[in-house]
Amino acid sequence: MKKITVRELYALMQTNPISIIDIRDQHKFIKGHIPTSINIPYRYIITNPSEYLNKNITYFLVCDYGITSDEAAHKLQNLGYNVVSVIKGIVRWPYGLIT
């Protein structure tokens, strides 16, 4: 499974438009999220990924600690989606959050 650190994610954000999906519940997303990320909670993205994802796009999944994004990435990769899990999650994001 593909994984990336928050530092690597930040570097990619500086040079490329990328799709970041915050899979935490909406109340956590509202309290603070990575700039340009969108919120699709885990339970929605897993139960009906075709409603939210395109198999031709690479998505970077983020959660609190990287555990749930790892699980989601594994499941979605098995379904043919291009997903990358962000290691250690948003708690390690030192670059400022949007509230």
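Here's a quick briefing on the fold, the surface and two residues of this protein.

Keep in mind that this is a predicted model, where local features need pLDDT of at least 70, side-chain atom pairs count only at pLDDT 80 or more, and totals for chains, interfaces and linings use all residues. Residues are numbered from 1 along each chain as its sequence is written, and side-chain values use heavy atoms, with hydrogens and water left out.

**Overall fold**

- The protein has 5 helices and 5 strands, taken as DSSP runs numbered from the N terminus (helices are H or I with at least four residues, strands are E with at least two).
- Starting at the N terminus, the order of elements is β-α-β-α-β-α-α-β-α-β.
- The C-alpha trace spans about 30 × 30 × 20 Å along its principal axes.
- Of the contacts with a separation of 6 or more, 63% join residues 24 or more positions apart (contact means heavy atoms within 4.5 Å).

**Burial and surface**

- Of the 99 residues, 40% are buried (buried is under 20% relative accessible area, exposed is over 50%, partly exposed is in between, with a 1.4 Å probe and protein chains only).
- The accessible surface comes to about 5700 Å², and carbon and sulfur atoms hold 52% of that (Shrake-Rupley method, 1.4 Å probe; for residues, only the protein chains shown count as cover).

**Ser 69**

- You'll find Ser 69 in helix H5, which covers residues 67-78.
- Ser 69 is buried, and its relative accessible area is 0%.
- The Ser 69 side chain makes a polar contact with the side chain of Ser 85 at 2.9 Å (a pair of N or O atoms within 3.5 Å; within protein, one must be able to donate a hydrogen and the other to accept it, and residues adjacent in sequence count only if both atoms are side-chain atoms).
- A polar atom of the Ser 69 side chain also lies 3.3 Å from the backbone oxygen of Gly 66.
- Leaving out neighbours within four places in sequence, Ser 69 is in contact with Ile 23, Leu 61, Val 62, Cys 63, Ser 85 and Val 86.

**Ile 18**

- Ile 18 sits in the loop between helix H1 (6-15) and strand S2 (19-22).
- Not counting residues up to four places away in sequence, Ile 18 touches Leu 9, Leu 12, Met 13 and Phe 60.
- Ile 18 and Gly 32 are 14 residues apart along the chain, and their C-alpha atoms are separated by 19 Å.
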